[in-house]
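Could you have the viewer open while you read my notes?

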Amino acid sequence: MFLTVNTNDQRSIYQQIADGIKELIARGELAEGTPLPPVRQLAADLGVNLNTIAIAYRELQKEGLITVKHGSGSVVASRTSAEREQGELLRPLRTALTELVLAGFSSGKILDIVAHELGTVTKGSNK
Amino acid sequence: MSINELVIFNYVVLWGGARIRGCIRRWRQPLRRGPEWFFNVHVQPGFYSGEGKKILHSYWIRMFLPFAVEVPAAVAIFVSGQYLNLAWLILGIAVLVHVNHLFSVDYAERQARRFAAPEDEQPVSSMVLSLQPRRLRDYSNRTVERFVIFASIAAIGWLARFYFRTPAPNFRLIFGGPMVLLYYQLGFLIIKMGIVSWRTPVPQAQAEEHLRAREEARKFYLKVCDWNRVMIAGALAFCPFILSAPTALQTRLITYDFIALIGVTAIMTVWGEVGRNKVLKSSLRARPMRMPDFLHADNSSWPLCYQPATPMLVIRGARGYSLNLANRLALLGTAYLAGLITLFAILRAIH
(Lines give C-alpha, C1' and ligand atoms only; values in the text may rest on other atoms or scores of the structure.)
Protein backbone atom coordinates (compact mmCIF):
# COMPACT_ATOMS: atom_id res chain seq x y z
CA MET A 1 0.00 0.00 0.00
CA PHE A 2 1.70 3.15 -1.18
CA LEU A 3 1.20 6.88 -1.12
CA THR A 4 2.84 9.24 -3.57
CA VAL A 5 4.10 12.67 -2.60
CA ASN A 6 5.14 15.07 -5.32
CA THR A 7 7.20 18.18 -4.73
CA ASN A 8 5.76 19.81 -7.88
CA ASP A 9 2.20 19.40 -6.60
CA GLN A 10 0.68 22.70 -5.54
CA ARG A 11 -0.98 21.11 -2.54
CA SER A 12 0.93 21.07 0.74
CA ILE A 13 2.52 17.79 1.82
CA TYR A 14 -0.01 17.18 4.60
CA GLN A 15 -2.84 17.71 2.10
CA GLN A 16 -1.26 15.25 -0.37
CA ILE A 17 -0.99 12.66 2.37
CA ALA A 18 -4.54 13.19 3.62
CA ASP A 19 -5.91 13.09 0.05
CA GLY A 20 -3.82 10.01 -0.78
CA ILE A 21 -5.16 8.09 2.22
CA LYS A 22 -8.71 9.21 1.41
CA GLU A 23 -8.33 7.87 -2.16
CA LEU A 24 -7.03 4.53 -0.90
CA ILE A 25 -9.99 4.26 1.48
CA ALA A 26 -12.41 5.21 -1.33
CA ARG A 27 -10.91 2.56 -3.62
CA GLY A 28 -11.23 -0.03 -0.86
CA GLU A 29 -7.49 -0.62 -0.77
CA LEU A 30 -7.45 0.48 2.85
CA ALA A 31 -10.20 -1.56 4.43
CA GLU A 32 -11.93 -0.85 7.72
CA GLY A 33 -9.68 -1.70 10.67
CA THR A 34 -6.44 -1.54 8.67
CA PRO A 35 -3.70 -0.07 10.87
CA LEU A 36 -1.90 2.99 9.56
CA PRO A 37 1.78 3.61 10.27
CA PRO A 38 2.59 5.79 13.27
CA VAL A 39 3.05 9.52 12.64
CA ARG A 40 6.75 9.15 13.56
CA GLN A 41 7.35 6.46 10.89
CA LEU A 42 5.72 8.39 8.04
CA ALA A 43 7.41 11.64 9.05
CA ALA A 44 10.82 9.94 9.22
CA ASP A 45 10.39 8.13 5.89
CA LEU A 46 9.41 11.33 4.16
CA GLY A 47 11.89 13.45 6.10
CA VAL A 48 9.39 16.00 7.35
CA ASN A 49 8.38 17.56 10.63
CA LEU A 50 6.15 15.41 12.89
CA ASN A 51 3.43 18.06 12.75
CA THR A 52 3.06 17.68 8.97
CA ILE A 53 1.84 14.10 9.32
CA ALA A 54 -0.03 14.81 12.56
CA ILE A 55 -2.09 17.50 10.78
CA ALA A 56 -2.94 15.07 7.95
CA TYR A 57 -4.03 12.41 10.45
CA ARG A 58 -6.02 15.00 12.41
CA GLU A 59 -7.88 16.00 9.25
CA LEU A 60 -8.69 12.37 8.47
CA GLN A 61 -9.81 11.86 12.06
CA LYS A 62 -12.01 14.98 11.92
CA GLU A 63 -13.67 13.62 8.80
CA GLY A 64 -14.28 10.32 10.57
CA LEU A 65 -12.11 8.32 8.16
CA ILE A 66 -9.63 7.09 10.76
CA THR A 67 -9.78 6.54 14.50
CA VAL A 68 -6.78 7.31 16.64
CA LYS A 69 -6.32 5.10 19.66
CA HIS A 70 -3.69 6.30 22.07
CA GLY A 71 -1.04 3.64 22.50
CA SER A 72 -2.18 1.41 19.66
CA GLY A 73 -2.01 3.83 16.73
CA SER A 74 -4.44 4.81 14.01
CA VAL A 75 -6.81 2.53 12.12
CA VAL A 76 -9.18 3.05 9.21
CA ALA A 77 -12.64 3.73 10.62
CA SER A 78 -15.82 2.03 9.53
CA ARG A 79 -17.52 3.77 6.59
CA THR A 80 -20.74 4.18 8.55
CA SER A 81 -19.03 6.26 11.19
CA ALA A 82 -17.71 8.52 8.42
CA GLU A 83 -21.20 9.45 7.22
CA ARG A 84 -21.60 13.16 6.92
CA GLU A 85 -24.40 15.43 5.86
CA GLN A 86 -25.07 15.40 2.14
CA GLY A 87 -24.97 19.19 1.97
CA GLU A 88 -21.50 19.28 3.50
CA LEU A 89 -20.25 16.63 1.06
CA LEU A 90 -21.76 18.32 -1.99
CA ARG A 91 -20.24 21.73 -1.30
CA PRO A 92 -16.75 21.01 -2.77
CA LEU A 93 -18.39 19.27 -5.77
CA ARG A 94 -20.51 22.35 -6.45
CA THR A 95 -17.42 24.58 -6.20
CA ALA A 96 -15.51 22.35 -8.66
CA LEU A 97 -18.46 22.27 -11.09
CA THR A 98 -18.74 26.06 -10.94
CA GLU A 99 -15.03 26.33 -11.79
CA LEU A 100 -15.50 24.04 -14.79
CA VAL A 101 -18.54 25.97 -16.06
CA LEU A 102 -16.68 29.27 -15.66
CA ALA A 103 -13.73 27.74 -17.56
CA GLY A 104 -16.10 27.25 -20.50
CA PHE A 105 -16.64 23.50 -20.44
CA SER A 106 -19.92 22.25 -21.88
CA SER A 107 -22.31 20.19 -19.72
CA GLY A 108 -21.52 17.06 -21.74
CA LYS A 109 -17.80 17.52 -21.32
CA ILE A 110 -18.22 18.14 -17.59
CA LEU A 111 -20.23 14.92 -17.27
CA ASP A 112 -17.46 13.03 -19.08
CA ILE A 113 -14.85 14.50 -16.75
CA VAL A 114 -16.90 13.62 -13.67
CA ALA A 115 -17.46 10.05 -14.92
CA HIS A 116 -13.75 9.64 -15.64
CA GLU A 117 -12.69 11.02 -12.25
CA LEU A 118 -15.26 8.85 -10.48
CA GLY A 119 -13.89 5.84 -12.32
CA THR A 120 -10.36 6.70 -11.16
CA VAL A 121 -11.37 7.27 -7.56
CA THR A 122 -13.43 4.08 -7.27
CA LYS A 123 -11.01 1.90 -9.27
CA GLY A 124 -10.69 -1.39 -7.39
CA SER A 125 -13.58 -0.56 -5.09
CA ASN A 126 -16.49 -3.02 -5.01
CA LYS A 127 -18.93 -0.47 -3.66
CA MET B 1 44.94 -24.37 25.00
CA SER B 2 44.84 -21.72 27.73
CA ILE B 3 42.35 -18.83 27.83
CA ASN B 4 45.10 -16.39 26.86
CA GLU B 5 46.02 -18.48 23.83
CA LEU B 6 42.35 -18.63 22.79
CA VAL B 7 41.98 -14.86 23.13
CA ILE B 8 45.12 -14.34 21.00
CA PHE B 9 43.83 -16.86 18.44
CA ASN B 10 40.49 -15.03 18.34
CA TYR B 11 42.21 -11.67 17.83
CA VAL B 12 44.81 -12.72 15.27
CA VAL B 13 42.87 -15.24 13.18
CA LEU B 14 39.18 -14.29 13.42
CA TRP B 15 39.40 -10.56 14.03
CA GLY B 16 42.38 -10.26 11.68
CA GLY B 17 40.45 -12.13 8.98
CA ALA B 18 37.37 -9.98 9.47
CA ARG B 19 39.50 -6.81 9.32
CA ILE B 20 41.17 -7.87 6.06
CA ARG B 21 37.80 -8.79 4.53
CA GLY B 22 36.32 -5.48 5.72
CA CYS B 23 39.23 -3.51 4.27
CA ILE B 24 38.87 -5.23 0.88
CA ARG B 25 35.12 -4.58 0.88
CA ARG B 26 35.50 -0.89 1.81
CA TRP B 27 38.37 -0.49 -0.69
CA ARG B 28 36.11 -1.67 -3.53
CA GLN B 29 32.96 0.08 -2.31
CA PRO B 30 33.36 3.41 -4.19
CA LEU B 31 33.48 1.56 -7.55
CA ARG B 32 31.01 -1.24 -6.91
CA ARG B 33 28.45 0.32 -9.29
CA GLY B 34 30.98 0.69 -12.08
CA PRO B 35 33.39 3.38 -13.30
CA GLU B 36 30.56 5.89 -13.83
CA TRP B 37 29.83 5.95 -10.15
CA PHE B 38 31.58 7.03 -6.98
CA PHE B 39 29.61 5.34 -4.18
CA ASN B 40 26.07 6.55 -4.91
CA VAL B 41 27.10 9.61 -6.93
CA HIS B 42 26.79 9.38 -10.71
CA VAL B 43 29.97 11.16 -11.78
CA GLN B 44 30.94 12.82 -15.04
CA PRO B 45 33.17 10.95 -17.53
CA GLY B 46 36.87 11.34 -16.73
CA PHE B 47 36.21 11.76 -13.00
CA TYR B 48 38.77 9.13 -11.98
CA SER B 49 41.51 10.59 -14.14
CA GLY B 50 41.07 14.07 -12.68
CA GLU B 51 39.97 15.36 -9.29
CA GLY B 52 38.20 12.08 -8.53
CA LYS B 53 41.51 10.30 -8.20
CA LYS B 54 42.45 12.55 -5.28
CA ILE B 55 39.05 12.12 -3.64
CA LEU B 56 39.31 8.34 -4.00
CA HIS B 57 42.84 8.23 -2.60
CA SER B 58 41.98 10.41 0.39
CA TYR B 59 39.00 8.11 1.08
CA TRP B 60 41.31 5.10 1.01
CA ILE B 61 43.73 6.81 3.42
CA ARG B 62 40.90 7.71 5.82
CA MET B 63 39.74 4.10 5.67
CA PHE B 64 42.96 3.00 7.38
CA LEU B 65 42.77 5.61 10.19
CA PRO B 66 41.46 3.13 12.81
CA PHE B 67 44.74 1.22 12.44
CA ALA B 68 46.49 4.28 13.92
CA VAL B 69 44.62 3.55 17.15
CA GLU B 70 44.51 -0.22 16.94
CA VAL B 71 48.15 -1.02 16.24
CA PRO B 72 49.66 0.92 19.22
CA ALA B 73 46.89 -0.38 21.53
CA ALA B 74 47.47 -3.99 20.41
CA VAL B 75 51.25 -3.63 20.83
CA ALA B 76 50.71 -2.23 24.34
CA ILE B 77 48.46 -5.18 25.24
CA PHE B 78 50.92 -7.75 23.88
CA VAL B 79 53.86 -6.09 25.67
CA SER B 80 51.97 -5.87 28.98
CA GLY B 81 50.68 -9.43 28.67
CA GLN B 82 47.08 -8.36 29.55
CA TYR B 83 45.66 -10.44 26.71
CA LEU B 84 42.06 -10.39 27.96
CA ASN B 85 42.00 -6.68 27.05
CA LEU B 86 42.10 -7.76 23.40
CA ALA B 87 38.36 -8.44 23.67
CA TRP B 88 37.77 -4.77 24.66
CA LEU B 89 40.06 -3.63 21.89
CA ILE B 90 38.00 -5.58 19.33
CA LEU B 91 34.78 -4.01 20.66
CA GLY B 92 36.18 -0.48 20.60
CA ILE B 93 37.78 -0.81 17.17
CA ALA B 94 34.62 -2.36 15.69
CA VAL B 95 32.67 0.77 16.73
CA LEU B 96 35.47 3.08 15.54
CA VAL B 97 35.70 1.35 12.13
CA HIS B 98 31.97 1.75 11.48
CA VAL B 99 31.76 5.37 12.67
CA ASN B 100 34.88 6.27 10.68
CA HIS B 101 33.44 4.57 7.59
CA LEU B 102 30.11 6.42 7.84
CA PHE B 103 31.81 9.79 8.10
CA SER B 104 34.38 8.95 5.40
CA VAL B 105 31.72 7.90 2.89
CA ASP B 106 29.60 10.97 3.62
CA TYR B 107 32.61 13.29 3.29
CA ALA B 108 33.83 11.63 0.07
CA GLU B 109 30.34 11.73 -1.48
CA ARG B 110 29.95 15.42 -0.65
CA GLN B 111 33.31 16.11 -2.31
CA ALA B 112 32.33 14.08 -5.39
CA ARG B 113 28.98 15.86 -5.81
CA ARG B 114 30.85 18.79 -7.36
CA PHE B 115 31.67 16.46 -10.27
CA ALA B 116 28.33 14.70 -10.46
CA ALA B 117 26.44 14.24 -13.74
CA PRO B 118 24.05 17.23 -13.78
CA GLU B 119 21.00 15.17 -14.81
CA ASP B 120 21.30 12.99 -11.70
CA GLU B 121 21.97 15.81 -9.27
CA GLN B 122 18.41 17.10 -9.25
CA PRO B 123 16.38 15.59 -6.40
CA VAL B 124 13.49 13.43 -7.55
CA SER B 125 10.13 15.17 -7.47
CA SER B 126 8.02 12.12 -6.65
CA MET B 127 8.41 9.97 -3.58
CA VAL B 128 6.56 6.87 -2.50
CA LEU B 129 5.54 6.14 1.07
CA SER B 130 4.75 2.70 2.35
CA LEU B 131 1.64 2.56 4.54
CA GLN B 132 2.76 -0.72 6.10
CA PRO B 133 3.40 -0.10 9.81
CA ARG B 134 6.89 -1.19 10.93
CA ARG B 135 6.89 -2.51 14.46
CA LEU B 136 9.54 -4.47 16.33
CA ARG B 137 7.13 -7.36 16.87
CA ASP B 138 6.56 -7.71 13.11
CA TYR B 139 10.26 -8.39 12.65
CA SER B 140 10.70 -10.71 15.66
CA ASN B 141 11.23 -14.43 15.38
CA ARG B 142 9.08 -16.13 18.03
CA THR B 143 11.41 -19.12 18.43
CA VAL B 144 14.38 -16.84 19.01
CA GLU B 145 12.46 -14.70 21.50
CA ARG B 146 11.23 -17.77 23.40
CA PHE B 147 14.74 -19.22 23.58
CA VAL B 148 16.27 -15.93 24.75
CA ILE B 149 13.60 -15.37 27.41
CA PHE B 150 13.63 -18.96 28.66
CA ALA B 151 17.45 -19.25 28.75
CA SER B 152 17.83 -15.89 30.51
CA ILE B 153 15.16 -16.52 33.15
CA ALA B 154 16.33 -20.08 33.82
CA ALA B 155 19.99 -19.03 34.15
CA ILE B 156 19.25 -16.04 36.42
CA GLY B 157 16.87 -18.15 38.53
CA TRP B 158 19.50 -20.83 38.95
CA LEU B 159 22.19 -18.26 39.81
CA ALA B 160 19.93 -16.61 42.42
CA ARG B 161 19.30 -20.00 44.01
CA PHE B 162 23.04 -20.76 43.96
CA TYR B 163 23.82 -17.35 45.50
CA PHE B 164 21.46 -17.85 48.46
CA ARG B 165 22.62 -21.42 49.09
CA THR B 166 26.33 -20.59 49.09
CA PRO B 167 27.67 -19.90 52.61
CA ALA B 168 29.87 -16.88 51.69
CA PRO B 169 28.75 -15.88 48.21
CA ASN B 170 30.77 -13.59 45.96
CA PHE B 171 28.22 -11.38 44.17
CA ARG B 172 30.61 -10.27 41.45
CA LEU B 173 31.78 -13.81 40.70
CA ILE B 174 28.23 -15.18 40.44
CA PHE B 175 26.34 -12.27 38.87
CA GLY B 176 29.06 -10.12 37.29
CA GLY B 177 29.33 -11.90 33.94
CA PRO B 178 25.60 -12.70 33.60
CA MET B 179 24.63 -9.06 34.34
CA VAL B 180 26.98 -7.83 31.62
CA LEU B 181 25.54 -10.43 29.23
CA LEU B 182 21.97 -9.36 30.04
CA TYR B 183 22.96 -5.76 29.48
CA TYR B 184 24.39 -6.63 26.06
CA GLN B 185 21.07 -8.39 25.34
CA LEU B 186 19.30 -5.11 26.07
CA GLY B 187 21.77 -3.29 23.83
CA PHE B 188 20.94 -5.53 20.88
CA LEU B 189 17.22 -4.88 21.45
CA ILE B 190 17.88 -1.14 21.20
CA ILE B 191 19.89 -1.72 18.01
CA LYS B 192 16.96 -3.75 16.64
CA MET B 193 14.58 -0.87 17.40
CA GLY B 194 16.91 1.41 15.47
CA ILE B 195 17.01 -0.95 12.47
CA VAL B 196 13.22 -1.31 12.41
CA SER B 197 12.70 2.45 12.52
CA TRP B 198 15.47 3.01 9.93
CA ARG B 199 13.85 5.42 7.50
CA THR B 200 12.97 4.29 4.01
CA PRO B 201 12.69 7.21 1.58
CA VAL B 202 11.76 5.73 -1.78
CA PRO B 203 11.68 7.47 -5.17
CA GLN B 204 8.66 6.75 -7.36
CA ALA B 205 10.92 5.48 -10.14
CA GLN B 206 12.08 1.93 -9.31
CA ALA B 207 10.05 2.08 -6.07
CA GLU B 208 9.78 -1.70 -5.83
CA GLU B 209 13.51 -2.27 -6.27
CA HIS B 210 14.31 0.36 -3.64
CA LEU B 211 11.78 -1.02 -1.17
CA ARG B 212 12.98 -4.60 -1.73
CA ALA B 213 16.61 -3.60 -1.22
CA ARG B 214 15.77 -1.73 1.99
CA GLU B 215 13.65 -4.57 3.36
CA GLU B 216 16.30 -7.20 2.57
CA ALA B 217 18.96 -5.10 4.27
CA ARG B 218 16.70 -4.49 7.25
CA LYS B 219 15.91 -8.19 7.65
CA PHE B 220 19.56 -9.20 7.26
CA TYR B 221 20.80 -6.81 9.96
CA LEU B 222 17.95 -7.85 12.27
CA LYS B 223 19.00 -11.47 11.79
CA VAL B 224 22.59 -10.56 12.68
CA CYS B 225 21.25 -9.00 15.90
CA ASP B 226 19.18 -12.10 16.65
CA TRP B 227 22.19 -14.37 16.09
CA ASN B 228 24.14 -12.30 18.61
CA ARG B 229 21.25 -12.40 21.07
CA VAL B 230 21.04 -16.19 20.79
CA MET B 231 24.79 -16.43 21.39
CA ILE B 232 24.51 -14.19 24.44
CA ALA B 233 21.59 -16.21 25.81
CA GLY B 234 23.56 -19.41 25.17
CA ALA B 235 26.59 -18.04 27.03
CA LEU B 236 24.31 -16.99 29.89
CA ALA B 237 22.73 -20.45 30.05
CA PHE B 238 26.24 -21.94 30.24
CA CYS B 239 27.14 -19.94 33.41
CA PRO B 240 25.33 -22.30 35.85
CA PHE B 241 27.25 -25.29 34.42
CA ILE B 242 30.57 -23.54 35.02
CA LEU B 243 29.67 -22.43 38.56
CA SER B 244 28.30 -25.80 39.62
CA ALA B 245 31.29 -27.74 38.27
CA PRO B 246 34.15 -28.83 40.54
CA THR B 247 36.99 -26.28 40.63
CA ALA B 248 39.32 -28.56 38.67
CA LEU B 249 36.80 -28.83 35.85
CA GLN B 250 35.86 -25.14 35.71
CA THR B 251 38.88 -24.00 33.67
CA ARG B 252 38.28 -26.77 31.16
CA LEU B 253 34.58 -25.82 30.86
CA ILE B 254 35.48 -22.15 30.32
CA THR B 255 37.90 -23.28 27.57
CA TYR B 256 35.15 -25.36 25.91
CA ASP B 257 32.79 -22.40 26.18
CA PHE B 258 35.36 -20.20 24.52
CA ILE B 259 36.08 -22.72 21.75
CA ALA B 260 32.33 -23.01 21.07
CA LEU B 261 32.07 -19.22 20.98
CA ILE B 262 34.94 -18.94 18.49
CA GLY B 263 33.42 -21.73 16.36
CA VAL B 264 30.02 -20.06 16.25
CA THR B 265 31.68 -16.69 15.51
CA ALA B 266 33.54 -18.26 12.56
CA ILE B 267 30.30 -19.77 11.18
CA MET B 268 28.51 -16.45 11.70
CA THR B 269 31.26 -14.60 9.87
CA VAL B 270 30.86 -16.84 6.79
CA TRP B 271 27.05 -16.62 6.97
CA GLY B 272 27.30 -12.85 7.42
CA GLU B 273 29.49 -12.47 4.34
CA VAL B 274 27.08 -14.52 2.20
CA GLY B 275 24.12 -12.47 3.48
CA ARG B 276 25.95 -9.19 3.00
CA ASN B 277 26.71 -10.09 -0.61
CA LYS B 278 23.02 -10.82 -1.25
CA VAL B 279 22.03 -7.48 0.27
CA LEU B 280 24.67 -5.77 -1.84
CA LYS B 281 23.45 -7.40 -5.06
CA SER B 282 19.90 -6.37 -4.25
CA SER B 283 20.94 -2.78 -3.55
CA LEU B 284 22.80 -2.60 -6.87
CA ARG B 285 19.52 -3.25 -8.72
CA ALA B 286 18.11 0.02 -7.37
CA ARG B 287 19.62 3.09 -8.96
CA PRO B 288 20.57 5.70 -6.33
CA MET B 289 18.58 8.90 -6.54
CA ARG B 290 18.72 12.14 -4.60
CA MET B 291 15.75 12.62 -2.35
CA PRO B 292 14.16 16.03 -1.86
CA ASP B 293 15.03 17.78 1.38
CA PHE B 294 11.79 18.96 2.98
CA LEU B 295 13.42 20.07 6.20
CA HIS B 296 16.06 22.41 4.77
CA ALA B 297 17.92 21.98 8.06
CA ASP B 298 20.75 24.33 7.17
CA ASN B 299 20.87 25.60 10.70
CA SER B 300 21.21 22.25 12.44
CA SER B 301 24.41 22.44 14.39
CA TRP B 302 27.06 19.90 13.54
CA PRO B 303 27.68 17.18 14.74
CA LEU B 304 24.95 17.35 17.41
CA CYS B 305 21.56 19.03 17.36
CA TYR B 306 18.32 19.02 19.36
CA GLN B 307 15.16 19.04 17.26
CA PRO B 308 12.18 17.45 19.06
CA ALA B 309 9.78 18.01 16.14
CA THR B 310 12.03 16.11 13.74
CA PRO B 311 11.64 12.33 13.92
CA MET B 312 14.99 11.43 12.36
CA LEU B 313 17.96 10.24 14.40
CA VAL B 314 20.38 11.76 11.94
CA ILE B 315 19.63 15.06 10.19
CA ARG B 316 21.43 16.22 7.10
CA GLY B 317 22.51 19.84 7.42
CA ALA B 318 24.75 22.19 5.48
CA ARG B 319 27.90 20.82 7.13
CA GLY B 320 26.97 17.15 6.97
CA TYR B 321 25.05 14.84 9.25
CA SER B 322 24.04 15.79 12.80
CA LEU B 323 22.91 13.43 15.51
CA ASN B 324 19.50 14.54 16.75
CA LEU B 325 19.69 14.29 20.54
CA ALA B 326 15.93 14.78 20.86
CA ASN B 327 15.34 11.47 19.10
CA ARG B 328 14.11 8.60 21.27
CA LEU B 329 16.87 6.29 20.04
CA ALA B 330 19.56 8.87 20.79
CA LEU B 331 18.18 9.21 24.33
CA LEU B 332 18.00 5.43 24.74
CA GLY B 333 21.53 5.02 23.40
CA THR B 334 22.91 7.68 25.73
CA ALA B 335 21.09 6.15 28.71
CA TYR B 336 22.40 2.74 27.67
CA LEU B 337 26.03 3.88 27.57
CA ALA B 338 25.65 5.66 30.91
CA GLY B 339 24.12 2.48 32.34
CA LEU B 340 26.97 0.35 30.99
CA ILE B 341 29.57 2.56 32.67
CA THR B 342 27.55 2.51 35.91
CA LEU B 343 27.24 -1.27 35.75
CA PHE B 344 31.00 -1.70 35.41
CA ALA B 345 31.60 0.79 38.25
CA ILE B 346 29.18 -1.12 40.50
CA LEU B 347 30.69 -4.49 39.63
CA ARG B 348 34.16 -3.12 40.34
CA ALA B 349 33.05 -1.78 43.72
CA ILE B 350 31.02 -4.80 44.90
CA HIS B 351 32.60 -8.02 46.08
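1. First, the ground rules. This is a predicted model, in which local features need pLDDT of at least 70, side-chain atom pairs count only at pLDDT 80 or more, and totals for chains, interfaces and linings use all residues. Residues are numbered from 1 along each chain as its sequence is written, while chains are lettered from A and ligands numbered from 1 in the order in which they are written.

2. Chain A contains five helices and four strands, and from the N terminus these follow the order β-α-β-α-α-β-β-α-α. Helices (H or I, at least four residues) and strands (E, at least two) are DSSP runs, numbered from the N terminus. The C-alpha trace of chain A spans about 50 × 35 × 25 Å along its principal axes. Of its 127 residues, 22% count as buried. Here a residue is buried if 20 or more other C-beta atoms lie within 10 Å of its own, exposed if 12 or fewer, and partly exposed in between, with C-beta atoms placed from the backbone.

3. Chain B has ten helices and seven strands. Its C-alpha atoms fill a box of roughly 75 × 45 × 35 Å along the principal axes, and 16% of its 351 residues are buried. Chain B is divided into domain 1 (1–120), domain 2 (134–291) and domain 3 (293–351); such bounds come from an automatic or database domain assignment. Between the C-alpha centres of domain 1 and domain 3 of chain B there are 24 Å.

4. A word on contacts: two residues are in contact if their C-beta atoms, placed from the backbone, lie within 7 Å. Taking contacts in chain A between residues at least 6 apart in sequence, 52% join residues at least 24 apart. In chain B, 69% of the contacts with a separation of 6 or more are between residues 24 or more positions apart.

5. Now the sheet in chain A. Three strands form an open antiparallel sheet in the order E2-E4-E3, where strands pair if DSSP finds at least two bridges between them. Its edge strands are E2 (35–36) and E3 (66–69) of chain A, each pairing on one side only. E3(A) pairs with strand E4 (residues 73–76) of chain A over four bridges: Thr67(A) stands opposite Val75(A), and Val68(A) has Ser74(A) as its bridge partner. Three residues lie between the strands of this hairpin, where Gly71(A) takes a positive phi near 100°.

6. Helix H3 (residues 50–62) of chain A lies across E3 and E4 of chain A, at about 115° to E3(A). For that angle, axes are lines fitted to C-alpha atoms, for helices over the stretch in contact, and angles run from 0 to 180 degrees between N-to-C directions.

7. Which residues have the most contacts inside the largest nonpolar core? They are Ile17(A), Ile21(A) and Ile53(A), in a core of 31 residues. Elements giving two or more residues to this core are strand E1 (2–6), helix H1 (13–26), helix H2 (39–46) and H3 of chain A, together with strand E3 (126–130) of chain B. H1(A) gives the most, with six residues. A nonpolar core is a set of buried Ala, Val, Leu, Ile, Met, Phe, Trp, Tyr and Cys residues joined through C-beta atoms within 7 Å. Leaving aside neighbours within four places in sequence, Ile21(A) is in contact with Leu3(A), Leu30(A) and Leu60(A).

8. Do look at H2(A): seven of its eight residues are buried, so this helix is largely enclosed by the rest of the structure. Its buried residues include Val39(A), Gln41(A) and Asp45(A). Their cover includes E1 and H3 of chain A, together with E3 and helix H7 (171–197) of chain B. Gly47(A), with a positive phi near 75°, follows H2(A).

9. Finally, the interface. The contact takes 25 residues from chain B and 26 residues from chain A. On the side of chain B that touches chain A, E3(B) gives the most, with five residues. E1(A) and E3(B) run antiparallel and are joined by five bridges; in one of these pairs, Thr4(A) has Val128(B) as its bridge partner.
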